[in-house]
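Dear colleague,

I am passing on the structure that follows, and after it you will find an account of what came out of going through it. Please read the two together.

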Amino acid sequence: MAVSAGKFNTFTFFKLPSAWWSGVRLRSIDENRAVVTVRHKWFNQNPFKSMFWAVQGMAAELSTGAMVIVQIKDSGKKISMLVANNTANFSKKATGKITFTCEDGHLIKEAIDKTIETGEGQAFWMKSTGVNEDGVVVSTFNFEWTVRLKK
């Protein structure tokens, strides 16, 4: 996995500009874990002076999807990826710097290997937890990713 957080953030600027302009940044990534941060500011807040739920969702999704992108690239195959479902829980007002961490990278390789072997699409759930600077969980997102070998 030869992807740096800096290169991925450049990718985000061009391919996911709304996330980039909202302050979403990949901080670290390896095959099992990704960490994304976003800071509450006036341009990503809701009327209640906390971070808009969709900005949290972009950061959480990036913490899962970045690992999927990298592992697809590492497979050397043409594989499509898509979020099929997601759920979210908001437990505290999101202010300050929020850090989203996903540690479910181990689920990706199995799904990629199986879609390559069978030609059938595969689905798997990944969880990302957002915590504030005090270590308090502010939101938890679950994403059902699907991968499928392109024809």
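**The sheet and its pairings**

Lys127 has Asn142 in E6 as its bridge partner; here and below, helices (H or I, at least four residues) and strands (E, at least two) are DSSP runs, numbered from the N terminus, and two strands pair if DSSP finds at least two bridges between them. The model is a predicted one, in which local features need pLDDT of at least 70 and side-chain atom pairs count only at pLDDT 80 or more, while totals for chains, interfaces and linings use all residues. Residues are numbered from 1 along each chain as its sequence is written, and side-chain values use heavy atoms, with hydrogens and water left out.

The pairing of E5 and E6 is antiparallel and runs over ten bridges. Five residues lie between the strands in the hairpin of E5 and E6, where Gly135 takes a positive phi near 80°. Asn142 in E6 also stands opposite Thr87, and E3 and E6, which run antiparallel, are joined by eleven bridges.

Phe100 in E4 is, in turn, the bridge partner of Val36, and Thr99 in E4 is that of Thr37. These last two pairs belong with strand E2 (residues 34-39) and strand E4 (residues 97-102), which pair in the antiparallel sense over six bridges. E2 also pairs with E1, again antiparallel, over four bridges, with Ser28 opposite Val35 in E2 and a hairpin that leaves four residues between the two strands.

**The largest pocket**

The largest pocket holds about 200 Å³ of space. On a 1 Å grid over the protein atoms alone, a pocket is an open set of points where a 1.4 Å probe fits, with protein on both sides within 12 Å along at least five of seven lines, and lining residues have an atom within 4 Å of a point; grid points are joined across faces, edges and corners, and a volume is the space filled by probe spheres set on the points. Of the 13 lining residues, Leu16, Ala19, Met58, Glu61 and Leu62 are the closest to the centre of the pocket. Helix H1 (5-15), helix H2 (17-22) and H3 are the elements that give two or more residues to this lining, and H3 supplies the largest share, six residues.

**The chain overall**

The protein chain comes to four helices and six strands, which follow the pattern α-α-β-β-α-β-β-α-β-β along the sequence. The C-alpha atoms fill a box of roughly 50 × 30 × 25 Å, taken along the principal axes.

With kind regards
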